[in-house]
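Take a look at the chain below.

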Amino acid sequence: MPSRETLDAFVAHVISGDHVGAIERYYTDDASMQENNDLPRVGREVLMAGEAKVLARVERVTTELMGPVLADGDQVAIRWRFEFFPKAGPSRVIEEVAWQTWRGEKIARETFFYDPKQMTA
């Protein structure tokens, strides 16, 4: 079960824009991420590489916490708002809920729930 201090530090790390560093610091070696009902991606190194690939396609990303972090034991829910600024073209806003299962002070599983229509231009 994550401490409140760890949850606060994780949120601050993500808001700082260091998304790859947040995965490196706060995810287990065998962590998985899943988008809605897609198959999960597994392994911290895989997750970091995937995040770096997404970030390489944009000029920058701003991140906002949309409400309190909800935690009950090892289960954590976080509502995020991301604005992606591509290297060319208009920005795109994505809102999602991240449902996490923590193992101690690190995230072991995470599923992102969002409306996929947000991903289209």
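## Around helix H2

Start with the cover over helix H2. The buried residues of H2 are covered by elements that include helix H1 (4-15), strand S1 (27-35), helix H3 (44-56), strand S3 (58-65), strand S5 (75-86) and strand S7 (106-113). Keep in mind that this is a predicted model.

Which residues of H2 are buried? They are His 19, Gly 21, Ala 22, Ile 23 and Tyr 26. Take His 19. This residue lies in helix H2, which spans residues 19-26. Its relative accessible area is 8%, so His 19 is buried, as the cut-off is 20%. Leave aside residues up to four places away in sequence. Then His 19 touches Val 14, Glu 51, Leu 55, Val 61, Thr 63 and Phe 82.

Now turn to the rings. A pair of aromatic rings is described by the distance of the centres and the angle of the planes. The structure holds six aromatic pairs. One of them joins Phe 10 and Tyr 26. Their centres are 5.5 Å apart, with 75° between the planes, and the pair is edge-to-face. Phe 10 sits in helix H1 and Tyr 26 in helix H2, so this pair ties together parts that are 16 residues apart in sequence. Both Phe 10 and Tyr 26 are buried.

Trp 80 and Phe 82 make another pair. Their ring centres lie 5.9 Å apart and their planes meet at 35°, so the pair is tilted. Trp 80 has 2% relative accessibility and therefore counts as buried. Phe 82, at 9%, counts as buried too. Which residues form the aromatic cluster? Phe 10, Tyr 26, Tyr 27, Trp 80, Phe 82, Phe 84 and Trp 102 form one cluster.

Step back to the whole chain. How many helices and strands does the chain have? There are three helices and seven strands. From the N terminus on, their order is α-α-β-β-α-β-β-β-β-β. The C-alpha trace spans about 40 × 30 × 25 Å along its principal axes. A compact globule of 121 residues would have a radius of gyration near 14 Å; the chain has 14 Å, so the two agree.

Of the 121 residues, 36% count as buried.

Last comes the surface. The chain exposes about 7000 Å², and carbon and sulfur atoms supply 55% of that area. The chain has 15 positive and 20 negative charges, and their mean positions are 4 Å apart.

Definitions and conventions
Residues are numbered from 1 along each chain as its sequence is written. This is a predicted model: local features need pLDDT of at least 70, side-chain atom pairs count only at pLDDT 80 or more; totals for chains, interfaces and linings use all residues. Side-chain values use heavy atoms; hydrogens and water are left out. Helices (H or I, at least four residues) and strands (E, at least two) are DSSP runs, numbered from the N terminus. The radius of gyration is taken over C-alpha atoms; the globule rule is 2.2 Å times the number of residues to the power 0.38. Buried means under 20% relative accessible area, exposed over 50%, partly exposed in between (1.4 Å probe, protein chains only). Accessible areas come from the Shrake-Rupley method with a 1.4 Å probe; for residues, only the protein chains shown count as cover. Lys and Arg count as positive and Asp and Glu as negative; His and the chain ends are not counted. The place of a charge is taken as NZ of Lys, CZ of Arg, CG of Asp or CD of Glu. Contact means heavy atoms within 4.5 Å. Rings of Phe, Tyr and Trp (its six-membered ring) pair if their centres lie within 6.5 Å; planes under 30 degrees apart count as stacked, over 60 as edge-to-face and the rest as tilted.
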